[in-house]
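Please read the briefing below alongside the sequence and the three-dimensional view. The points are grouped by topic.

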Amino acid sequence: MLALVKTSPGPGLRMETVPDPAIGINDVLVRVHKTGICGTDLHIEAWDPWAARTIRPPLVIGHEFVGQVIQVGSNVVNVAPGDMVSGEGHVVCGRCRHCLAGRRHLCADTVGVGVGRDGAFAEYIALPATNIWRHWPGIDEEIGAIFDPFGNAVHTALAFPVLGEDVLITGAGPIGLMATAVVRRDARFVVVSEPNPARRELARAMGATVVVDPRERDLGDVQAELGMVEGFDVALEMSGNPAALQSAIANMAHGGGIAILGIPTQEVTLDVNAIVFKLLTLRGIYGREMYETWYKMTVMLQSGLDIRPVITHRFSFRDHEAAFAAARSGSSGKVIMDWTA
Ligand code: NAD
Ligand code: ZN
């Protein structure tokens, strides 16, 4: 099969012919139809310090996909050839305290698809059946391709109740954009802070009440404009930028909750006095819940949530260099590669 491979330590990726993946009795073989490009894939392509520490080439990269099941192992009963499926990007150990208790998202021993084992940027992928999510018949394949990052957005958006609350979202990358559409359904105000004008525009399309450039406008000012008096009840940190988390803490209401998904690449100094005296709750978010978040994503989409505006670019897998350039540009939403065309 054709696959996009990190062939050796260093920058770049190569489209190569590699053996089709083999499946065991508990595995599922999927013909990949469409994939999404994630920041992780950009890190691996660029070979930054994290990638150099983490990745052992040769490796087929990628973990956001949708495809059709073509073969299942003899032990697999819940998935059948023909099903449209996506895959959870974390393969858990299945044996630790949390896995045994059903809290698989808390497993401390996960292996990342396209990170620690071969991934989805290929014509075929094999995964354990326990990592397969079956979609409803007729699902839009492009939406199926981005269930994994949509799951990050939904898991973060559900960290604190937002019904009737005022929500701050810092960072309108693909995940912040999808979170905007999710919380928009229930919150009063959704303020999105994002320095990139193209992404502020997308945030508006996803339903933000107000979008702000954090370099130009203070959040206190935005609160006054909206008639808010007590601060934000909930903040979703989706930028990884230390200044964003700091400004969220400074603008929270007493008793507020901050869900932190963004991964800082530098040390962050926090005003612990503000956290204490405002009685804030800060909660780290990693991945998605297996499979409660997947269930919620499905139900939200089936009841009218529209995340399609987050998809801004589409390419054939043969144009992977252009696809990666679009994702790297910083102004795109989700970038989809089609593995059938
Ligand atoms: P992204 O890098 O595309 O988006 C981040 C956005 O934040 C950018 O648009 C950037 O312009 C904006 N930003 C920068 N400085 C800002 C500031 N001071 N205030 C407000 N916005 C600012 O990333 P993404 O793919 O949408 O992911 C969002 C974050 O979540 C990243 O940090 C990513 O590494 C992280 N992530 C975490 C998990 C997890 O499981 N915890 C999973 C996926 C991604
Ligand atoms: Zn485990």
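Which residues are buried in helix H11 (residues 292-302)? In this predicted model, the buried residues of helix H11 are Thr 293, Trp 294, Met 297, Thr 298, Met 300 and Leu 301, where buried means under 20% relative accessible area, exposed over 50%, and partly exposed in between, with a 1.4 Å probe and protein chains only. Seen down the axis of H11, these residues fall within an arc of 165°, so they line one face of the helix; the arc is that of the directions from the helix axis to the C-beta atoms.

**Basis of the model**
- Because this is a predicted model, local features need pLDDT of at least 70 and side-chain atom pairs count only at pLDDT 80 or more, while totals for chains, interfaces and linings use all residues.
- Residues are numbered from 1 along each chain as its sequence is written, chains are lettered from A and ligands numbered from 1 in the order in which they are written, and side-chain values use heavy atoms, with hydrogens and water left out.

**Overall fold**
- The protein contains 12 helices and 18 strands, which are DSSP runs numbered from the N terminus (helices: H or I, at least four residues; strands: E, at least two).
- For 341 residues a compact globule would have a radius of gyration near 20 Å, and the protein agrees with this at 20 Å; the radius is taken over C-alpha atoms, and the globule rule is 2.2 Å times the number of residues to the power 0.38.
- The C-alpha trace spans about 60 × 40 × 35 Å along its principal axes, and buried residues make up 55% of the 341 residues.
- Of the contacts between residues at least 6 apart in sequence, 66% join residues at least 24 apart, a contact being heavy atoms within 4.5 Å.

**Zinc site**
- The zinc ion (ligand 2) is coordinated by the SG atoms of Cys 93, Cys 96, Cys 99 and Cys 107, at 2.2 to 2.4 Å, and these donors follow the spacing C-x2-C-x2-C-x7-C along the chain.
- Donors are N, O and S atoms within 2.8 Å of the metal (3.2 Å for Na, K and Ca), and water is not among the atoms, so sites may look incomplete.
- The 4 donor atoms subtend angles of 103 to 120°, which makes the arrangement tetrahedral, a label that four donors receive if all angles lie between 85 and 135 degrees.
- Cys 93 counts as buried at 15% relative accessibility, and Cys 99 is also buried, at 9%.

**Helix packing**
- The buried residues of H11 pack against strand E6 (84-87), strand E10 (132-134), helix H4 (141-145), helix H5 (147-157) and helix H6 (174-184).
- In helix H8 (residues 219-226), the buried residues are Leu 219, Val 222, Gln 223 and Leu 226; they cover an arc of only 100° around the axis, which puts them on the same side of H8.

**Backbone details**
- A cis peptide bond, with omega about 0°, joins Pro 57 and Pro 58, and the bond from Met 290 to Tyr 291 is cis as well, with omega near 0°.
- Trp 47 is not a glycine, yet has a positive phi of about 60°; this residue lies in the loop between helix H1 (39-46) and H2 and is buried, with a relative accessible area of 17%.
- Leu 279, likewise not a glycine, has a positive phi of about 55°, and it counts as exposed at 57% relative accessibility.

Notes: Four donors count as tetrahedral if all angles lie between 85 and 135 degrees; four count as square planar and six as octahedral if opposite donors are over 155 degrees apart and all others between 65 and 115; anything else is irregular.
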